[in-house]
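Q: I have a structure I have not looked at before. Can we go through it in short questions?
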Amino acid sequence: MRKAKFYKLSIIMSALILSLTACSSGDKDTNTNKVESNQISDGKDDTKKEDELVTDDLTKDQTSDSVTEVEITDYHGTVVVPVNPERVVVLDSRSFDTLAAWEIKLAAAPKAVMPADSPYVADEEVQDIGNHREPNLEIIAALDPELVIIGQRFGGFYDDIKALVPNAVVIDLNFDVSETAENPGQNLVDGFINSTIALGKIFDKNEEAAQLIVEFEKAIADAKAAYNGTDKMISVIVSGGNIGYSAPKSGRVWGPIADLLGWVSALDVDNSSSDHQGDDISVEAIAQSNPDWIFVLDRDASVSTTTDAVPAQDVIDNSPALQNIEAVKEGKIVYAPKDTYNNESIQTYKEIFEIIASSLSK
């Protein structure tokens, strides 16, 4: 995908928002409310400057006050959702950054698996659902929410929550970047674009959503342009002082990125997975692959309850087996933001792509 391909986005977003302002509360025409991901991906060059693409007409085209509901497409299909719902429960780790930036109030969230510096964690009015292993779903029932947003870790509770709050709208913003996905890299891009569009429609933040997507796609284009197409890459997850393998395509965080950016892998491991601690691999195997670059996810940095946490940089710096490989000798090691493991938002991935572009351009 050429870099110029990304800049058609705001044309599409302008058309989307114009369609929203034309809708009334009784309009159920999916052709005017639904945006499919392939509309974002397919297009021709546009010569407008990026800032013009973001601002042209969007300030005039925010969702009309007369629109009380919109149609969005989630993991299960088309759903009619109230605009600006008052009691909102969010269980999707990919959504918190976006909603916090838009100052959306929440009734409940899973604070145990959120970054400690999230404003929702500190807000005592936001009730804590707990983690995805033992969530307190009764809290959701007691709140009688208008909207519940689930995804990622909580995707398996979709049916349970729908049965628990039959009067609420329940949407699932999950998207598949697991080891079974055929196109995890493109799924990542399409998933973030579609979920950001959906959140923008629901919370009347269409202009903000358009701007965020433009920035996200630009970061991807810059990262693609920065890669020379020949350097050998390896990505790892450091957890509990151990180094796990994050395989191209299937590995946690780095897998879809490697697929999307077309990285040449320094090492291929059979039966690789999206395990949250990475696949078991010896440090010697990494050393023998002699990668030009190492990309690192520090899982422990995001998990405040981990008592045996060792910073990923210390683990790599203190590993004798790694000291003679090219990536370590030349300082070609790239670390994901420290909160990535429990904050896989579009903002986090935008930052990751920006870090990649900056690092590979040096």
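Q: Which side chain does Glu344 join in a polar contact of 3.2 Å?
A: The side chain of Tyr349. A polar contact is a pair of N or O atoms within 3.5 Å; within protein, one must be able to donate a hydrogen and the other to accept it, and residues adjacent in sequence count only if both atoms are side-chain atoms.

Q: Before going on, what kind of model is this?
A: A predicted model, where local features need pLDDT of at least 70 and side-chain atom pairs count only at pLDDT 80 or more, while totals for chains, interfaces and linings use all residues. Residues are numbered from 1 along each chain as its sequence is written, and side-chain values use heavy atoms, with hydrogens and water left out.

Q: Back to Glu344. What does its side chain join at 2.7 Å?
A: The side chain of Arg252, also in a polar contact.

Q: Where is Glu344 found?
A: In the loop between strand S13 (333–335) and helix H15 (346–360). Helices (H or I, at least four residues) and strands (E, at least two) are DSSP runs, numbered from the N terminus.

Q: Is Glu344 buried or exposed?
A: Buried, because its relative accessibility is 4%. Buried means under 20% relative accessible area, exposed over 50%, and partly exposed in between (1.4 Å probe, protein chains only).

Q: What is Glu344 in contact with, leaving aside neighbours within four places in sequence?
A: Ser93, Arg94, Gln152, Phe192, Arg252, Val253 and Tyr349. Contact means heavy atoms within 4.5 Å.

Q: New topic: helices H9 and H10. How do their axes cross?
A: The axes of H9 (residues 184–202) and H10 (residues 206–226) cross at roughly 165 degrees and come within 8 Å. H9 is therefore roughly antiparallel to H10. Axes are lines fitted to C-alpha atoms, for helices over the stretch in contact, and angles run from 0 to 180 degrees between N-to-C directions. Angles under 35 degrees count as roughly parallel, over 145 as roughly antiparallel, 65 to 115 as roughly perpendicular and the rest as oblique.

Q: Which residues of H9 and H10 make the contact?
A: On H9, they include Phe192, Ile193 and Ile197. On H10, Leu212, Ile213 and Phe216 are among them.

Q: Now Tyr75. Where is it found?
A: Tyr75 is in the loop between strand S1 (69–74) and strand S2 (77–82). Tyr75 counts as partly exposed because its relative accessible area is 46%.

Q: How many residues apart in sequence are Tyr75 and Asn174?
A: 99, yet their C-alpha atoms are 5.9 Å apart in space. Beyond its neighbours within four places in sequence, Tyr75 is in contact with Asp172, Asn174 and Phe175.

Q: What is the phi of Asp144?
A: Near 50 degrees, a positive value in a residue other than glycine. Asp144 has its place in the loop between helix H7 (137–143) and strand S6 (147–150).

Q: And what about the phi of Lys249?
A: About 80 degrees, also positive, and Lys249 is not a glycine. Lys249 is in the loop between strand S9 (242–245) and helix H11 (254–261).

Q: Last one: how many helices and strands does the chain have?
A: The chain has 15 helices and 13 strands. Of its 362 residues, 53% count as buried.
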